[in-house]
Every structure is written in C-alpha cells, then in structure tokens.
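Please look through the structure shown here.

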Amino acid sequence: MTAPVRPFSSASISFVLKMTLREIRASWKRLVVFFVCVAIGVGAIVGVRSIIQSARSALLREARTLLAADVLVQSRQPWTEEQLATLQARFDQMPRLDRIESIETATMIRPADSTKEVAKLVELRGVQPGFPFYGTLELAGGATFESSMLAGYGALVRPELLAQLDVEVGEEVIIGDDVYEIRGVVLVEPGHQLSAFSLGSRVLVDHAALVGSDLLTFGSRARYQTLLRLEEEQIEPLVERLQADFENSFVRVWSYHRTENRVSRNLGRAENYLSLIGFVIVILGGIGVWSVTRVFIQQKLKTIAILKCLGARTWQLLAVYILQVFVLGFGGSLLGVAMATLALQAVPVDVVAGYGEISFGLTRSAAVQGAGIGVLVSLLFALVPLLDVRHVRPLLLLRATDAPWSREIDWVRIAAIGSITAALVVVASWQADSWRVGAYVSGGFAGVAVVLHLAASALVRVVAPLARTTWFPLRHAVISLGRPGNQTRTILLAVGLGSFFLIGVRALQVNLLQEFALDIREDAPDMFLIDIQQDQASGVRELLESRSPGARAALLPVLRGRVTGVEEESVDLDGAEDVRGRGSLGREYVVTYREGLEENERIIDGGPWTDDPSMTQVSIEQSIRERFDIDLGDVIRFAVLGRTIRARVVSVREVQWSDTRRGGFMFVFRPDAFEDAPHSFIAMFRGPEAMAERGRLQRDLVARYSNVSIIDVRDVMSAAKEILDAVTLAISVVGAITVFTGMLILIGSVAMTKFQRLYEAAIFKTLGATSRMIATMTLLEYGGLGTLAGIVGSAGAVLLTWVLSRYLLEIEWHPAFAQNIGGIVLTAGVVAVVGVLSSVDVFRRRPLATLRAE
Amino acid sequence: MIELRGVSKTVTSGDRPLTILHPLDLFIPSGQCVSIVGPSGSGKSTLLGLIAGLDAPTTGEIWIDGVEITTLSEDALASLRGSNIGFVFQFFHLIPSLSAFENILVPLEIAGVTGAREKAEGLLQEVGLEERATHYPSQLSGGEQQRIAIARALANDPPILLADEPTGNLDSANGHHVVELLLEVNRRRGTTVVLVTHDTELAEITEVTLSMRDGRTERRQAAPGEPVAREA
C-alpha cells in the first residue's frame with residue numbers, strides 16, 4: 001500500500017505529462033486532420049498579416065518619398081492671385097523653406113516620326129528644378145537624374161511607353177503642340193502614389209514647358225501642386241494655418257504625416273479584414289476540433305473509467321486531454337506558421353502595385369498572433385466536450401448500461417459555453433479591430449449554428465416515418481440518423497457552415513464580377529474624348545464620323561461644379577465646410593445640360609423641365625436623394641466657373657450605370673443655365689475595329705486638336721480586367737482553401753464515427769446483410785445529411801451576400817442560382833461520397849474481428 | 001478490513017424502483033480470501049462495486065480499513081482506490097493505447113511511487129509476461145491480458161484485491177493459472193481477496209464463500225468462529 005499522493009505534486013504532474021505523451025502517441029493520427037485545418041487557418045492569418053505588415057513598414061519608411069515633400073498644397077484649378085499671396089505670406093513666416101511647383105494633367109502623346117501611327121493618353125507631370133525633395137528618381141541604366149535633363153523640352157518616360165509608341169531614348173515625341181526629346185526612362189518616381197486606376201503612363205517634363213504649352217486650357221483636368229520642404233517642427237503648424245486659410249475653398253493641404261496615417265489606416269483595415277478570413281477558417285477548424293473531441297471522449301470513456309478506477313483524479317484526466325489538445329493545437333499552429341513562411345517566399349516582391357519592390361518576410365507579431373489564435377481556438381472548442389471527463393464514473397466498467405452522466409443542469413458547462421462564446425467574440429473583434437464586425441462574424445456563425453442544430457432535429461423528425469418503410473437500407477439510414485450519439489448534428493454543423501461559407505464566397509464573387517463586368521456590346525462606345533473645346537466640337541464630330549462610317553459620335557457638354565450649399569427644410573448646408581461634412585457631396589462633379597432623358601435613364605419622381613423663368617432647374621440622380629437627403633423642390637447652390645448658380649430640383653432620375661453608351665450624370669441642368677457659358681465637351685464613340693485605323697484616328701485627332709485627350713477603353717478594359725483577374729484569383733484561392741478545410745473536417749468527422757458503424761455493420765452482416773446493402777444505407781444517410789447541410793448553407797449564403805451587397809459593398813444584389821443549386825448538389829454529393837469512401841473499411845471488414853474486439 | 005453496515009442499493013428501472021441489493025451487513029477481516037457466488041442478476045457485482053467505491057449505496061455505511069467511504073468525494077475515492085484497492089475485471093479493461101508494461105506502470109505513476117519502472121518490471125516478471133512488455137492489449141491473449149490486469153491491480157501493494165469474474169472470459173487452463181495467481185497473492189502478501197465468480201470449483205478453493213440470490217445473501221460458509229455476513 002502506498003501513501004496517497006498530494007494533488008499538484010511533482011509526481012502528480014509527472015503522471016499528467018507522461019499520460020499526455022502516451023495519449024498523443026496513440027491518438028495523433030486520428031486527430032491530426034483537424035489540426036491541419038487549424039494549421040491552414042493559422043497559415044492564412046500569418047501570411048496575410050505578414051505581407052501587409054511588411055508592406056506597411058516598408059511604406060512608412062518611405063512616407064516622405066511617397067509625397068516627395070514634407071507638405072503638399074494642391075488645387076484643381078490654377079492658383080488665383082489671392083491664393084498665391086496667401087501662400088507667399090505664410091511661407092515668408094517660415095525660417096527655412098524650399099518650394100517646388102508641379103502640375104499634373106492627362107494628355108495625349110505621339111511620336112514625332114509621322115510614319116508611326118499611334119497616340120497614347122499619358123499622365124503628364126511638369127516639375128521645377130529641385131524635384132524631388134525626398135526619394136530618388138531612378139532611371140534605367142543606372143543614370144542619375146538631374147533637372148537639366150528636362151530643360152529645353154526634355155522628357156522622361158516609363159519603359160512601357162517606349163514600347164507602346166515604338167520609340168527609343170533620343171527620339172522625339174509630340175505633346176500638345178510641342179516637340180520633346182526623350183532623355184531617359186523612369187523606373188521609380190517619388191511622389192507618384194498608388195492609385196487603383198491610372199489613366200496612362202507617367203511622363204515627366206519641365207514645369208515651365210508645361211505652363212507655356214496650350215495643354216492647360218479651360219476645363220482641363222490639371223492638378224496644381226506646391227511641394228514644400230521645411231523643418232520637422234514647422235510642418236504641422238504650417239499645415240494647420242494653411243488649412244485654416246483655405247477652409248472655405250477646395251484647396252487641399254497635407255503633410256507626409258497624413259500619408260503615413262492614411263497608408264497605415266488603409267493597410268491596417270485591409271490586414272484586419274483579410275485576416276478575418278483566416279479566422280473564419282480557424283473557426284471551421286475549431287468546429288472540427290469540437291466534433292472530434294466529442295467523439296474522441298466517447299471513445300475514451302472506458303480508458304477514463306479505468307484510470308479513475310486506478311486512482312487518477314478528475315483534474316488530472318482533464319489536464320491530460322486539455323494538454324493533448326494544446327500540444328496538437330500548438331503543433332498545428334507551428335505547421336501553419338511554417339506554411340505561411342513557405343508561401344511568403346513565393347509572393348512576388350512587386351505585389352503591392354506602384355510601391356516598388358518590397359521584401360516579404362514572416363513578421364514576429366503575425367506569427368505570434370496566428371499561433372496564439374490557433375491554440376486558443378483549439379482549446380476553446382475542445383473545452384466543452386472535454387468537460388464530460390468529469391462525469392465519467394468508474395462504475396461504467398462494471399455496468400455498461402449505466403448512464404455515463406446525470407441529466408442535472410451542469411452549471412460549469414453552461415458557464416464554460418458562455419465564457420467561450422465571449423472569448424470568441426473578443427478574438428473575432430480583435431482580429432477585425434472592430435467590436436461591431438467581431439459581433440457580426442460571431443453572430444453570423446452562432447445564427448447558422450443554431451439554424452443547423454434546429455435543422456438537424458427537424459430532419460430527424462421529418463424523416464422518422466420513413467423508418468417504417470420496408471426497404472432495409474432506407475429504414476436503417478433513417479434509424480441511424482435519429483440514433484442517440486449519432487454525428488447527425490456534428491456533421492451538419494461542420495459541413496453546413498463550410499458550405500455556407502463556400503457558397504457565400506462564390507455567390508459574392510458572382511455579384512462582384514457582375515458589378516464590375518464591363519459591357520462589351522457591339523454598339524458600346526470604346527473611345528472617349530475629353531476636353532473638347534466649344535469651337536472644336538463640330539470639327540471633332542466630323543472627323544470621328546468620317547473615319548467610322550455609320551457610327552454616331554455623341555458629344556455631351558460638360559462643366560465642373562461643386563455643391564456649395566443646400567437650402568430646404570430638412571437640410572440646410574451653408575458653405576463649403578457644411579457640404580464637405582456631408583462626405584462625397586463636397587467633391588467636384590461633372591455636370592451637363594440637355595433637354596430630355598437619355599436611353600439609359602428614367603424619371604422616378606418629379607417631371608420634365610418647366611418654363612418657370614424665376615430659377616434654373618436641375619435633375620438629380622436617385623443616389624443623391626438617398627445619401628444626402630436632398631429632394632424635389634430643394635434649392636442647391638453650385639459653384640461653376642467661379643459663378644454661384646441656384647437651381648431647384650424638379651426631378652429625380654434613375655440611371656442604368658451599367659449601360660455606358662450614354663454616360664451618366666449626378667446633376668443634369670435645364671439648358672438655359674449654361675448654354676451661353678464657356679464649357680467643354682466629352683465625346684463617346686465607337687472607334688474603328690482595326691488597330692491601325694484606330695491608331696491613325698487617334699494620331700490625327702491629337703495632331704489637329706492637341707488639347708483633346710483620348711481614352712481608348714480597349715486599353716482601360718484590359719487594365720480593369722487585370723485587376724478583376726487578380727481579385728478573382730484571390731477569391732478563388734480563399735474559396736479553394738476553405739473547400740479543402742471543409743473536406744478535411746468532413747473526412748475527419750466520418751472517420752471518427754466509424755467505430756460506431758463498424759460494430760453495427762458487423763452485427764448486420766452476422767444477421768445476413770450484404771456489404772452492398774450497408775453501403776447503400778451509408779450513402780442514403782450521408783446523402784441526406786449533405787443535402788440538408790447544403791440547403792441550410794445555401795440559404796445562409798443568400799442572406800449573407802444580400803446583406804454584404806446591400807449594406808457593405810453597396811452594389812446591386814443578384815441571386816446566384818447556379819452557385820446555390822450547384823453548391824447544394826455538390827455538398828450532398830461530396831458528403832455522400834466521402835461518407836461511403838471513408839467507410840469502405842466498414843463494408844469490407846469481416847464481422848468476427850470487430851465483434852471480438854468489442 | 002472491509003465492513004458493510006446496512007448497505008443496500010436501489011435503482012430506477014423504467015419508472016419503478018428496483019432493489020438490486022437488499023440491506024446487508026458484511027465483515028471481511030484482513031487477509032481473508034472470500035468468494036461471492038450466485039446467478040446473474042443476484043447482486044454480486046453490485047456488492048463488489050460498492051466495496052470498491054465505484055458506486056454509492058442507497059443506504060448504509062462502508063468502511064475500508066477504518067475509513068467510511070460513502071461520504072468521500074469521487075476524487076477521494078479515486079485516491080483511496082489507488083492506494084488501498086486493486087480491481088480485476090472479467091473483461092480485463094486494460095487501456096488499449098498503452099503497452100502491457102505501461103498498463104502496469106500507470107497506477108504507480110498516479111501514486112507517485114519512486115522506482116516505478118523497476119517495480120512494474122518485477123510485477124511483469126511475477127506474472128510471467130516479461131517477454132510481452134511492449135505488446136499492446138490487442139496483441140495479447142485473454143489469459144495474458146488478465147495476468148497483466150492482476151499485475152496492474154497489485155502495483156501499489158493494495159491491502160485489498162477485488163476481482164469480478166476473473167476467470168469468466170478465460171478457458172480452463174488460463175482460468176486455472178489466474179486462480180493460482182490470486183491465491184498466491186493472498187497467501188504470500190496477506191492481501192484480502194474478494195472475488196465474484198460463477199465457478200463453484202473456484203469458490204470452493206477460497207476460505208469463505210458468500211452465496212447470493214435476488215440481491216440477498218443466501219448461504220454463508222464461514223471459517224470457524226468468523227461471522228462474515230448477515231441480513232441487516
């Protein structure tokens with residue numbers, strides 16, 4: 001006889017550790033599949049966070065380079081005398097300040113060699129000597145940039161433009177009416193920030209040359225910038241004073257600190273949202289861990305009873321299994337970190353377009369966070385099923401029929417479930433860096449879980465009458481679904497959530513693609529001309545129509561205007577500041593005037609123009625009414641061409657934005673407002689099909705009307721398609737990872753419940769059932785489960801995509817029938833096939849071996 | 001020393017109470033070898049389970065070596081079993097994921113015994129299975145499994161060894177071997193042995209036989225001057 005060992009003594013802990021190792025040795029093969037799921041989720045979190053953190057730290061180091069200055073002052077219109085005086089007065093107060101002027105505009109470029117029939121839209125930037133203040137303008141061939149390279153009509157271009165224009169360094173190009181010599185090729189340009197969409201390749205010229213050209217005519221889309229370099233401590237005071245000075249104008253002032261903050265905030269948000277996807281995969285893995293632990297503990301009841309019979313305490317046994325989950329969860333997390341490390345090596349260094357090369361490596365905080373979540377989720381999901389260890393009584397060894405645990409309310413279990421739920425909400429919120437998003441994600445999961453649970457109970461009830469059928473496989477498939485201890489609910493939960501997520505991702509992809517898909521109809525315009533002056537309109541129209549017989553060129557008058565106030569009962573916005581407080585209402589709008597409606601629009605409220613001469617009239621697009629609470633009868637004040645125009649809203653229009661043939665405008669005025677005012681035109685036109693013809697037309701247009709810019713949508717579309725392809729690829733990768741995880745959970749769930757079916761199958765076989773009969777039974781059981789999981793998952797996905805489309809992405813929602821029905825069929829098929837394939841052992845094994853083992 | 005005072009067990013069968021063990025007094029002095037015989041459902045395994053603290057009686061007190069165990073918590077009972085009671089089951093109940101040697105080692109580790117490995121090796125030798133140390137239960141015959149189970153039950157030198165149908169799943173040769181082992185334990189170690197059996201031949205070898213039917217003791221065969229059981 002030995003003396004009882006003290007709880008928590010070293011001997012006691014030593015037993016726990018030894019038993020943990022032995023249990024892992026015996027069970028790891030059965031459990032590993034679920035921890036691979038955890039690994040995949042952790043890998044996704046760590047990979048995404050590492051990529052974005054690497055990008056962020058690289059970008060923050062380069063914040064000044066991104067701006068090429070300490071402070072940038074920018075206006076969309078040429079500086080007025082008054083503004084220049086204000087700026088100068090402020091600059092004079094600074095002890096040390098350097099200043100460079102810069103102008104950016106979109107324009108056309110063509111080779112001076114008239115045999116090369118091509119013209120391209122480019123983003124032209126004119127800079128003064130001294131540019132850039134920060135960063136290095138990197139040139140091809142290792143050449144060093146000097147301001148003198150731009151002097152005397154020199155130009156620096158991007159490598160792709162050389163290829164597009166079929167020219168080389170040393171050759172001449174025509175921009176506007178001026179001839180420039182190409183003196184170098186720019187590889188990296190400081191101050192050129194990432195933008196989702198660029199109108200064309202960048203070209204750098206001398207500021208004076210640009211100012212002296214005819215490109216900055218009325219209505220051109222130029223940005224006038226003043227770049228400043230000054231003492232660090234003077235930066236913010238100057239920015240604040242200038243912002244106050246230009247409070248009621250549309251001049252923008254910001255320092256590199258703001259760039260820093262914006263980059264930081266945007267990337268931070270991207271990091272959090274993307275890693276939520278990883279978190280969702282970890283949760284799927286967690287559901288797998290929960291289901292496996294439940295089955296595992298059922299299989300371990302006897303072992304636990306034996307150990308209790310031999311003197312082991314409940315806490316020791318709980319510790320053994322919790323430690324086992326911890327070790328496997330930790331192992332899974334390490335595997336995830338390793339997977340992420342490998343994946344990071346495959347990430348191209350220029351993946352963040354526009355920011356140059358960034359080396360992506362594993363960041364410590366991402367690895368710690370990912371691994372921590374992997375372990376935490378494993379433990380949280382395993383804890384509730386593990387608590388059943390407390391109820392296992394050694395009497396089980398003598399009387400197998402005795403219920404392993406009582407039916408009393410288990411407050412510890414309830415408290416554990418409550419704490420785990422709270423912990424998951426906290427972890428989800430931490431990942432998203434938002435309580436709201438964390439609560440939505442957790443609530444979504446909980447909702448689907450509850451629905452799946454109820455669906456499982458409903459399924460068992462609904463199919464119960466089928467148990468009276470005379471067809472043996474169906475009868476026993478139904479009985480099997482309702483049998484106590486069956487995995488009906490577990491499989492339905494794991495697979496249902498998986499299919500919910502998968503169908504949701506696919507349906508969302510369809511919605512996104514439909515939203516962005518560019519309409520390529522036969523009659524859709526594929527060439528857009530901007531900045532056509534009034535006196536050029538008829539000439540441009542003639543030229544266009546002569547080159548493409550039968551095609552009609554639509555020339556629309558356009559002006560730029562800003563809303564400076566709204567006068568009405570519910571909204572009273574007085575001045576630019578109030579309007580700016582209304583978000584995008586304060587941006588510059590391109591407006592037009594015309595008599596009637598275009599084919600792609602209809603009036604949904606109000607009516608056509610009236611003859612009321614007292615005030616001019618405007619028609620607004622329905623989103624203006626929805627977003628800014630502006631309605632019929634309200635008076636909007638606009639600043640157009642330096643004039644203030646008051647216009648009464650007489651109609652609300654709905655525009656089919658997907659139909660690009662006729663363009664779309666937020667504000668359309670009655671013609672009397674601007675007919676006599678100076679304005680420019682835009683033209684939409686179906687260009688010639690042959691590329692050579694197209695090139696010749698563009699060249700002739702530019703030669704004759706140098707200020708007119710041509711956007712060839714064929715180029716834009718290929719650029720947009722590249723972005724779409726990248727988005728599709730990213731969504732598909734996420735979808736594929738989730739499919740893989742869902743499959744692993746399913747295979748694991750079926751494999752884990754095999755021990756129950758092995759015994760039953762052995763008895764059925766002894767009683768005369770054939771393997772085929774048992775296989776059919778399994779197929780029916782899992783096919784039914786898969787169908788239900790698919791239906792519930794699909795219903796959840798429909799709801800998810802609707803909510804996301806309507807409220808988060810603000811895009812039109814389309815029911816993705818093919819994805820939903822395909823998803824249901826696929827889920828049913830996959831569950832049935834995996835169920836049967838994982839049970840091949842059950843059909844093949846000789847009954848005696850199983851019965852003897854029992 | 002085992003003492004039961006007015007111990008009974010009633011369970012609920014369907015909606016009705018069913019008494020599977022009627023109130024009983026029992027006294028088994030240290031070092032005695034007792035067999036409990038009776039048909040299936042007579043309450044003998046229930047009685048053994050109650051003595052081991054695997055189940056709680058509906059009424060009465062159970063004293064093991066001067067400790068009243070019916071008031072002890074599950075963990076305290078586990079601790080008591082670990083140090084005072086060895087149990088041998090009809091179906092062996094070895095832990096399938098552990099080797100034969102590890103199965104013997106477990107109770108020693110739970111009790112925190114120093115030199116556990118040496119002791120386990122000694123026990124393995126004692127039951128004649130040192131060659132089978134690394135085998136898992138599924139790789140052992142029924143007789144071998146039961147010998148490992150006996151070695152495991154003896155690991156902590158418990159003063160009491162309880163055996164529930166220890167030969168019930170074995171052929172006669174293996175059964176004989178196991179019986180020899182149990183008697184040897186009783187003789188050499190002075191361990192109190194209580195075994196439940198169907199086997200009347202086995203029962204006759206023990207010093208005392210307690211016969212049960214329908215939850216009551218039917219016949220007492222006492223050693224001279226030692227009353228062992230009576231209806232409470």
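In this predicted model, chain B has seven helices and 11 strands. Chain B is 232 residues long, and 54% of them count as buried. Among the contacts in chain B with a separation of 6 or more, 67% join residues 24 or more positions apart.

One helix of chain B can be looked at by its burial. Because 11 of the 11 residues of H3(B) are buried, this helix is largely enclosed by the rest of the structure. The buried residues of H3(B) include Phe101(B), Ile104(B), Leu105(B) and Leu108(B), and also the charged residues Glu102(B) and Glu109(B). Just after H3(B), Gly112(B) has a positive phi of about 70°.

Chain B also touches chain A. The contact is made by 30 residues of chain A and 31 residues of chain B. On the chain B side, helices H1 (44-51), H2 (74-84) and H3 (100-110) each supply at least two residues. Of the elements of chain B, H2(B) gives the most to this side, with eight residues. By type, the side of chain B that touches chain A has 13 nonpolar, 10 polar and eight charged residues.

Within chain A, two helices pack against each other. Two packed helices are described by the angle between their axes and the distance between the axes. For helix H12 (residues 435-463) and helix H13 (residues 472-482) of chain A, the angle is about 145° and the axes are 9 Å apart. The crossing of H12(A) and H13(A) is left-handed. The table lists the residues that make this contact.

| Helix | Residues in the contact |
|---|---|
| H12(A) | Leu459(A), Val460(A), Val463(A) |
| H13(A) | Val478(A), Leu481(A), Gly482(A) |

Five of these residues are nonpolar, one is polar and none is charged.

In soluble globular proteins, nonpolar side chains tend to be buried together. Here the largest nonpolar core has 188 residues, and Leu492(A), Ile150(B) and Leu162(B) have the most contacts inside it. Helix H1 (residues 10-61) of chain A gives the most to this core, with 19 residues. Which residues does Leu162(B) contact, leaving aside its neighbours within four places in sequence? They are Leu48(B), Ile51(B), Ala52(B), Ile85(B), Phe87(B) and Val194(B). Another core, of 93 residues, lies apart from the largest one, and among its residues are Ala69(A), Phe131(A), Val563(A) and Ala647(A).

Definitions and conventions. Residues numbered from 1 in each chain as written. Chains lettered and ligands numbered in written order. Predicted model: local features only at pLDDT ≥ 70, side-chain atom pairs only at ≥ 80, totals over all residues. Contact = placed C-beta atoms within 7 Å. Helix = DSSP H or I, 4+ residues; strand = E, 2+ residues; numbered from the N terminus. Axes fitted to C-alpha atoms, helices over the stretch in contact; angles between N-to-C directions. Left-handed = near helix turned anticlockwise from the far one by under 90°. Core = buried A, V, L, I, M, F, W, Y, C linked by C-beta atoms within 7 Å. Buried ≥ 20, exposed ≤ 12 C-beta atoms within 10 Å, placed from the backbone.
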